[in-house]
Amino acid sequence: MVGCGRMEPERPYVPMSTYQHYVDGEWVAGEGTQTFESENPASGESLGEFHRATTADVDRAATAADAAYETWRAMSHIDRAEYLWDVYHELRERTDELGEIVTKECGKEISEGRADVVEAAHMVEWAAGDARHPKGDVVPSEIAEKDAYMRRKPRGVVGCITPWNFPVAIPFWHVAVALVEGNTVVWKPAEQTPWCGQIVAEMFDDAGIPDGVFNLVQGFGDAGNAIVEHDAVRTVLFTGSAEVGHSIADKLGGEPGKRVACEMGGKNAVVVTEHADLEIAVHAAVMSSFKTTGQRCVSSERLIVHTDLYDEFTSRFVDLAERVAVGDPLDEDTFMGPLIEAEHVEKVTDYNDLARTEGVNVLVDRTNLDAPEIPDGMADGHWVGPFVYEADPDEPLRCTHEEVFGPHVALLEYDGGIERAVEIQNDTEYGLAGSIVSEDYRQLNYYRDHAELGLAYANLPCIGAEVQLPFGGVKKSGNGYPSAREVIEVVTDRTAWTLNNSRDVQMAQGLSADITTRED
């Protein structure tokens with residue numbers, strides 16, 4: 001059996017093939033014969049081979065989760081959280097090792113790889129710690145002899161479908177809270193990052209999670225769709241593209257007993273007003289636009305800059321975009337690693353070409369990096385550098401309104417007050433994240449109250465969410481907040497419980513409780 005033993009932190013973790021699914025407490029090859037490979041996006045080298053799940057494999061996992069549910073939900077929050085504490089300590093002990101694996105498999109530079117693992121640990125810490133916090137609310141009743149309060153109970157099997165760009169952190173946003181609240185889980189990680197998924201499953205196996213409570217199936221969209229459509233799956237948590245998320249929401253929205261929360265993409269912006277600190281503004285813009293090579297759902301692809309600062313801001317931003325270090329993501333001096341896969345290179349390149357055809361003024365074009373910029377031995381990696389251009393904020397250009405998910409950045413100059421800046425900010429179908437840079441608190445407050453966003457930042461980049469805060473958007477960016485306190489709303493049902501302490505029946509709103517008969 002492969003891939004089911006925990007490696008000691010001091011020894012390098014070497015992937016083995018062919019990796020299996022984790023279903024009902026066992027490592028299984030599954031019903032299918034197809035396999036797929038994980039690839040290092042910086043070098044193109046194979047990181048391991050994985051069995052591809054079939055509909056039958058998903059059915060086996062969901063059936064196991066359903067069978068395990070009643071026993072799992074009967075445990076206390078605190079006892080369920082004990083399994084998570086074991087996972088938390090393993091994440092902490094292996095942060096450097098696992099951070100390197102994240103970087104190898106999804107391509108983001110090494111500090112981001114480690115931060116991914118730290119964020120996962122933070123989420124597990126929050127979920128497990130919340131097990132000892134007060135639950136429910138005592139609600140006053142109109143009747144003195146009645147007690148009224150709110151109780152929560154788990155919904156059942158939760159299907160989790162997670163993306164490749166945060167291959168350890170986001171799964172724990174979904175899974176940790178779902179488990180502590182008494183649900184069982186079927187999880188499909190992104191097909192681009194199955195190795196990270198394998199290691200997460202190994203952690204739950206190491207922790208001795210009861211059979212069927214946590215299940216991993218590796219595969220593609222057909223496996224994810226099978227999770228969504230399975231009768232035993234009561235709740236779906238999805239983080240990924242808007243197209244897939246809206247398809248899931250449409251499919252389950254009218255189905256009785258089903259619930260879905262989707263966190264999707266964005267066309268995010270940094271607003272730089274005439275009262276901005278220019279140093280902070282440029283720093284925030286570079287971080288927002290180029291960290292993770294622009295492959296965060298909260299990355300900024302629009303910079304909305306007041307005309308009074310526009311020339312100086314543009315000069316500084318362009319200078320950094322020309323020089324920002326693209327390279328081996330395992331190198332501590334690298335700022336931007338590769339894109340995730342060849343198909344995504346093609347997509348980003350196509351959008352850069354589209355911008356040119358739409359008549360923008362290109363300021364930086366590092367789409368095709370010069371040979372010396374590509375690390376030795378990594379010519380087969382998926383390399384793309386920053387692409388920066390000026391555009392008219394009033395033109396309905398596709399390049400300034402459609403999500404690219406790469407280092408593709410539009411500079412949009414505006415004149416007028418904060419109202420004009422927010423008007424441009426809101427001129428998109430998305431509403432996930434954004435930032436404003438200003439020393440005027442009135443401008444900050446106007447932005448806070450009128451920007452159509454789920455995540456807003458002031459004098460900061462529009463990246464860097466903390467796990468104890470909600471994470472999600474509005475409009476096309478989502479219909480849920482799959483993190484911390486808010487995800488509890490999704491994976492539990494609330495019951496308003498009212499208890500009569502009197503021997504008499506008394507009703508609220510003055511409703512008579514008298515029963516009359518014909519004889520009366």
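Asn 426 sits in the loop between α12 (418–425) and β17 (430–431). This is a predicted model. The chain has 14 helices and 21 strands. Its radius of gyration is 25 Å, close to the 24 Å that the globule rule gives for 520 residues, so the chain is as compact as a globular protein of that length.

**Asn 426 and its surroundings**

- Asn 426 counts as buried because its relative accessibility is 17%, and the cut-off for buried is under 20%.
- A polar atom of the Asn 426 side chain lies 3.1 Å from the backbone oxygen of His 450.
- The Asn 426 side chain also reaches the backbone nitrogen of Glu 452, at 2.9 Å.
- Leaving out residues up to four places away in sequence, Asn 426 touches His 450, Ala 451, Glu 452 and Lys 475.

**Nonpolar cores**

- In soluble globular proteins, nonpolar side chains tend to be buried together.
- The largest nonpolar core here has 105 residues.
- Leu 91, Phe 172, Phe 204, Phe 214 and Phe 313 have the most contacts inside this core.
- Helix α5 (residues 169–180) supplies the largest share of the core, ten residues.
- A separate core of 27 residues includes Ala 53, Val 157, Ile 227 and Val 228.
- Beyond its neighbours within four places in sequence, Phe 313 is in contact with Val 272, Leu 278, Ala 281, Val 282, Ala 285, Leu 303, Val 305 and Leu 411.

**A three-stranded sheet**

- Three strands form an open sheet in the order β5-β6-β21, with antiparallel pairing.
- β5 (137–139) and β21 (492–500) are the edge strands, and each pairs on one side only.
- From one strand to the next, the twist averages 25 degrees.
- β5 and β6 (residues 146–154) run antiparallel and are joined by three bridges.
- Asp 137 has Met 150 in β6 as its bridge partner.
- Helix α14 (residues 484–491) lies across β6 and β21. Its direction is about 75 degrees to β21.

**The chain as a whole**

- Along the principal axes, the C-alpha atoms fill a box of roughly 90 × 60 × 35 Å.
- Of the 520 residues, 55% count as buried.
- Among contacts with a separation of 6 or more, 76% come from residues 24 or more positions apart.

Methods. Residues numbered from 1 in each chain as written. Predicted model: local features only at pLDDT ≥ 70, side-chain atom pairs only at ≥ 80, totals over all residues. Heavy atoms only, no water. Pairing = 2+ DSSP bridges. Helix = DSSP H or I, 4+ residues; strand = E, 2+ residues; numbered from the N terminus. Axes fitted to C-alpha atoms, helices over the stretch in contact; angles between N-to-C directions. Contact = heavy atoms within 4.5 Å. Core = buried A, V, L, I, M, F, W, Y, C linked by side-chain atoms within 4.5 Å. Buried < 20%, exposed > 50% of the residue type's maximum accessible area, 1.4 Å probe, protein only. Polar contact = N/O pair within 3.5 Å; in protein donor to acceptor, adjacent residues only side chain to side chain. Rg over C-alpha atoms; globule rule 2.2 N^0.38 Å.
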